[in-house]
Amino acid sequence: MLTFRQLFDPQSSTYTYLLADPATRQAILIDPVFEQVRRDVALIEELGLKLLWTLDTHVHADHVTGAWLLRERLGSRIAVGAASGAEGADRAIEPGGRVVFGKRYLEARATPGHTNGCLTYVLDDRSRAFTGDAVLIRGCGRTDFQQGSARMLYRSVREQIYSLPDDCLIYPAHDYRGLTSSSVGEERRYNPRLGEAVGEGDFVGYMENLGLAHPKQMEVAVPANLQCGRPAVARTEAEQPDWAPLTYTFAGIWELNPNWLEENARAVQIVDVREADEFNGPLGHIEGARLVPLGKLAERAGDLDDGIPIVTVCRSGARSAQATVLLKKAGFDKVANLAGGMLRWRAQRFPVEGGTE
Ligand SMILES: N[C@@H](CCC(=O)N[C@@H](CS)C(=O)NCC(=O)O)C(=O)O
Ligand SMILES: [Fe+2]
């Protein structure tokens, strides 16, 4: 018997896994995301579970872990890989170490390569493996930063993951294409990077030429995760605003998802803080958005209506996050940032004015 839920963070395409033993109600969370802690706490409480541990498969580069915040909220304990270099955990897990919840347990296997502290957690009956960014579905974690090594990853996957039964399900830390799980047999056969037919030299050559841009959140995420997600300056979280279902980011910004804005656009003032050429450029803009470039925002804040909530927008969500801070300083209290900016708005195929297909 196992209670099992797969949860998703659309901002970073991260999967978080909730596992619990229904007999004792003891639970663990694998790879929680800071911005999703409210959601995770609500689910855990609704299901009547007691969160014992949060586990991180590795020091993530693309999002901040929810481990520290969950410990604050629920008193859970933090477990990280001994080789991860993360400080402030309650337990450092060595390969072969077991994390027990009720009558069930997960066993850690060392699968370095994406980072040198990566762990894969295998369920006691070998029916599921949580591979982090070692094996992704038809892919694998990149090996070009955080002590990454393609050669090491190749060996980790062959020795530690492909040695599991073919029908063992694989649950990765991310998927960028909408897939949710796979199996050892499936990846051995069909993984284009790491399938059984691919030799070590070919894999290494391929991984050294991926040429991917660094994750957008890397400069924030890595140092934060090396402290298990503890903010550098302890902030007391502001009270949850009630005008929209907002999330509070690690950087201390209230954010809103595009789906809500699409349905409630008429109830808010949309302030686009890009430059005019971007507003009228290929990404287009949201219907009804008012253009106030970030550099002009402080002087033109008085033009905005202080009785109506404000949603700030830019290309990726970074400048508009700064805009929320400026507007708060200018005395507006119902302000939120559109998460992911126009890039995510367009990726979700919401309508725009102007712009090109
Ligand atoms: N565009 C993403 C980058 C995501 C990324 O680089 N993900 C890492 C995992 S932390 C990876 O290994 N990706 C493998 C791949 O995309 O093939 C972001 O900005 O967050
Ligand atoms: Fe990663």
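Modeller: Let's start with H58, which lies in the loop between β4 (50–55) and α2 (67–74). Keep in mind that this is a predicted model.

Biologist: Is H58 buried or exposed?

Modeller: Buried: its relative accessibility is 4%, and the cut-off is under 20%, so H58 falls in that class.

Biologist: Which residues does H58 touch, leaving out those up to four places away in sequence?

Modeller: H58 touches D31, H114, T115, C118 and D133.

Biologist: And what polar contacts does the side chain make?

Modeller: The H58 side chain has a polar contact with the side chain of D133, at 3.0 Å. Another one goes to the side chain of T57, also listed at 3.0 Å.

Biologist: OK, on to the metal. Which residues are the protein donors of the iron ion (ligand 2)?

Modeller: H58 and H114, each through NE2, and D133 through OD. They lie 2.0 to 2.3 Å from the iron ion.

Biologist: How are those donor residues spaced in sequence?

Modeller: The pattern is H-x55-H-x18-D. H114 and D133 are 19 residues apart and link distant parts of the chain. H114 is in the loop between β8 (104–110) and β9 (119–123), while D133 is in the loop between β10 (128–132) and β11 (135–136).

Biologist: Are H114 and D133 buried or exposed?

Modeller: Both H114 and D133 are buried.

Biologist: What about the geometry at the iron ion?

Modeller: The site is irregular, with angles of 90 to 165° among its four donor atoms. A tetrahedral call needs all angles between 85 and 135 degrees, so the 165° end rules that out.

Biologist: Changing topic: how many helices and strands does the protein chain have?

Modeller: There are 11 helices and 20 strands.

Biologist: And how does the radius of gyration compare with that of a compact globule?

Modeller: They agree: a compact globule of 357 residues would have a radius of gyration near 21 Å, and the protein chain has 22 Å. Along the principal axes, the C-alpha atoms fill a box of roughly 65 × 45 × 30 Å.

Biologist: How much of the chain is buried?

Modeller: Buried residues make up 53% of the 357. As for the surface, the chain exposes about 16100 Å², with carbon and sulfur atoms supplying 49% of it.

Note on methods. Residues are numbered from 1 along each chain as its sequence is written. Chains are lettered from A and ligands numbered from 1 in the order in which they are written. This is a predicted model: local features need pLDDT of at least 70, side-chain atom pairs count only at pLDDT 80 or more; totals for chains, interfaces and linings use all residues. Side-chain values use heavy atoms; hydrogens and water are left out. Donors are N, O and S atoms within 2.8 Å of the metal (3.2 Å for Na, K and Ca); water is not among the atoms, so sites may look incomplete. Four donors count as tetrahedral if all angles lie between 85 and 135 degrees; four count as square planar and six as octahedral if opposite donors are over 155 degrees apart and all others between 65 and 115; anything else is irregular. Helices (H or I, at least four residues) and strands (E, at least two) are DSSP runs, numbered from the N terminus. Buried means under 20% relative accessible area, exposed over 50%, partly exposed in between (1.4 Å probe, protein chains only). The radius of gyration is taken over C-alpha atoms; the globule rule is 2.2 Å times the number of residues to the power 0.38. Accessible areas come from the Shrake-Rupley method with a 1.4 Å probe; for residues, only the protein chains shown count as cover. Contact means heavy atoms within 4.5 Å. A polar contact is a pair of N or O atoms within 3.5 Å; within protein, one must be able to donate a hydrogen and the other to accept it, and residues adjacent in sequence count only if both atoms are side-chain atoms.
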